[in-house]
Amino acid sequence: TTLRHWRTTHGLSLEDISALTGMSVSELSRVERGHRSLAPLSKVSVARRLGVPVRRLFPPDNQELAHAE
């Protein structure tokens, strides 16, 4: 996923991201593997805590695009 790519590019572990965001390692792992999706506000919160634009970590999904139109 984009989150995993960003994390590994920056040399961070799941534990590092967990400490920065307050999310559990297992939850982050499920998000990265596509087994869990985050609510839009959770995506914004994670991105803000990491200092990254939301779209860099989470590409828009079809539901979010439908609500934006």
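**Exercises on helix packing**

In this predicted model, the buried residues of α1 pack against α2 (14-21), α3 (25-32), α4 (40-50) and α5 (54-57).

**Exercise 1.** Determine which residues of helix α1 (residues 2-9) are buried, and state why they lie on the same side of α1.

*Solution.*
1. Leu3, Trp6 and Arg7 are the buried residues of α1.
2. Around the helix axis these residues span an arc of only 100 degrees, and therefore they lie on the same side of α1.
3. The general rule is that an α-helix has 3.6 residues a turn, so residues three or four places apart point the same way.
4. On the face of α1 turned away from the buried side, the exposed residues are His5 and Thr9.
5. After α1 comes Gly11, with a positive phi near 70 degrees.

**Exercise 2.** Describe how α2 and α3 pack, giving the angle and the distance between their axes, the handedness of the crossing and the residues that make the contact.

*Solution.*
1. The packing angle of α2 and α3 is about 110 degrees, and their axes are 9 Å apart.
2. Angles of 65 to 115 degrees count as roughly perpendicular, and α2 and α3 are therefore roughly perpendicular to each other.
3. The crossing in which α2 passes α3 is right-handed.
4. On the α2 side, the contact is made by Leu14, Glu15, Ile17, Ser18 and Thr21; on the α3 side, by Val25, Leu28, Ser29 and Glu32.
5. By class, the residues of this contact of α2 with α3 comprise four nonpolar, three polar and two charged.

Definitions and conventions:
Residues are numbered from 1 along each chain as its sequence is written. This is a predicted model: local features need pLDDT of at least 70, side-chain atom pairs count only at pLDDT 80 or more; totals for chains, interfaces and linings use all residues. Side-chain values use heavy atoms; hydrogens and water are left out. Buried means under 20% relative accessible area, exposed over 50%, partly exposed in between (1.4 Å probe, protein chains only). Helices (H or I, at least four residues) and strands (E, at least two) are DSSP runs, numbered from the N terminus. The arc is that of the directions from the helix axis to the C-beta atoms. Contact means heavy atoms within 4.5 Å. Axes are lines fitted to C-alpha atoms, for helices over the stretch in contact, and angles run from 0 to 180 degrees between N-to-C directions. Angles under 35 degrees count as roughly parallel, over 145 as roughly antiparallel, 65 to 115 as roughly perpendicular and the rest as oblique. A crossing is left-handed if the near helix is turned anticlockwise from the far one by less than a right angle, and right-handed if clockwise. Ala, Val, Leu, Ile, Met, Phe, Trp, Tyr, Cys and Pro count as nonpolar, Asp, Glu, Lys and Arg as charged, and the others, Gly among them, as polar.
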